[in-house]
Amino acid sequence: MRGLFITFEGGEGAGKSTQIDGLAEHLRSAGYNVVVTREPGGSPGAEAVRHVLLSGAAEPLGQDIEAVLFSAARSDHVDQVIRPALLRGSIVLCDRFMDSSRVYQGVTGNLDPDFMRQLEKVAVDGVVPDRTFILDIDVEEGLHRADKRRGSGTADRFEKEGMAVQQARREAFLALAKAEPERCVVIDAAEDAESVANEIAFHVTELIEAKKMANPEKA
Ligand code: TYD
């Protein structure tokens, strides 16, 4: 595919959305076509499923069924938004993707690895990220930031889980990065937002050069 698929992962309060917005602006001003999207959601069908998942309405069905719903949403998102954008040659920046399922459902949801692999295979259907940035932050600091951002709003189904679960997720993301060093880059999200942005931009520039992507404005 001509485009570039970049995903952002990490625990609560790591600053993913700020970084994604900043990177999108940087790339657009350099002339690239950029699609910013998120999971769960990103397409009309998947956004409907997002509501079911984050409200906790699917929680009584069990973690395995929640994992099925995340995958169903992902499948629609890949088909309707991500693959078409990559085929057009766009840079797709996605806030969470398959690694969130691996960590939140697979590891801390304690689901069968074979079941998770099958779900992932069906949902992504070959659309694997070119690069995944794992924004890593101390759990307490991340939760503190998430609380500040939320203000008087309530925590969603996954944010409200305790410290031990959040810590296990942090470790699972780091383990995943270690297992797939070609795809995953761990970024220290405790640094100030500008330093984090510079580090990410450096990696993305390298990636664009490696892929020899044509800049539509300079073509
Ligand atoms: P969102 O409000 O998008 O949160 P964040 O700012 O943390 O990215 O909420 C998404 C929540 O859904 C988040 O707590 C992680 C969880 N999630 C999963 O459990 N599995 C998944 O596959 C995805 C994509 C998200």
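Predicted model: local features only at pLDDT ≥ 70, side-chain atom pairs only at ≥ 80, totals over all residues.

Student: How many cavities of 30 Å³ or more does the structure hold?

Tutor: The structure holds one cavity of 30 Å³ or more. The volume of the largest cavity is about 130 Å³. It is lined by 14 residues, and those closest to its centre are Gly11, Glu12, Ile137, Val139 and Arg170.

Student: Which elements give two or more residues to that lining?

Tutor: They are β4 (131–136), α6 and α7 (163–179). The largest share comes from α7, which supplies four residues.

Student: Now the ligand, please. Where does the ligand sit?

Tutor: The ligand sits in the largest pocket, and that pocket has a volume of about 600 Å³.

Student: Which residues come nearest to the ligand?

Tutor: There are 17 residues around the ligand, and Lys16, Arg74, Arg96, Ser101 and Gln105 come nearest.

Student: What are the distances for Lys16, Arg74 and Arg96?

Tutor: For Lys16, a polar side-chain atom lies 2.6 Å from an oxygen atom of the ligand. In the case of Arg96, a side-chain N or O atom is 2.7 Å from an oxygen atom of the ligand. For Arg74, the corresponding distance between a side-chain N or O atom and a ligand oxygen atom is 2.9 Å.

Student: And how much of the ligand does the protein bury?

Tutor: The protein buries 92% of the 550 Å² that the ligand exposes when taken alone.

Student: What is the shell around the ligand made of, by class?

Tutor: Nine of its residues are charged, five are nonpolar and three are polar. At least two residues of the shell come from each of α2 (44–54), α3 (63–88) and α4 (98–107). The largest share is that of α4, with four residues.

Student: Back to the pocket itself. Which residues lie nearest the centre of the largest pocket?

Tutor: Of the 28 residues lining the largest pocket, Glu12, Lys16, Asp95, Arg96 and Glu159 lie nearest its centre. Two or more lining residues are given by each of α1 (16–29), α2, α3, α4 and α6 (139–150). Here the largest share, four residues, comes from α4.

Student: How does the lining of the largest pocket divide by class?

Tutor: It divides into 12 charged, eight polar and eight nonpolar residues.

Student: Changing topic: how much space lies in the second largest pocket?

Tutor: The second largest pocket contains about 290 Å³ of space. Its lining has 15 residues, of which Arg102, Gly106, Pro113, Met116 and Arg117 lie nearest the centre. The elements that give two or more residues to this lining are α3, α4 and α5 (113–124).

Student: Which of the elements gives the most to that lining?

Tutor: With six residues, α4 gives the most to the lining of the second largest pocket. By class, that lining has eight nonpolar, four charged and three polar residues.

Methods. Residues numbered from 1 in each chain as written. Heavy atoms only, no water. Near = heavy atom within 4 Å. Polar contact = N/O pair within 3.5 Å; in protein donor to acceptor, adjacent residues only side chain to side chain. Areas by Shrake-Rupley, 256 points an atom, 1.4 Å probe, with all protein chains shown as cover. 1 Å grid on protein atoms, 1.4 Å probe; cavity = no way out; pocket = protein on both sides within 12 Å on 5 of 7 lines; lining within 4 Å. Sits in = over half its atoms within 2 Å of the grid points. Nonpolar A, V, L, I, M, F, W, Y, C, P; charged D, E, K, R; others polar. Points joined across faces, edges and corners; volume = space filled by probe spheres on them.
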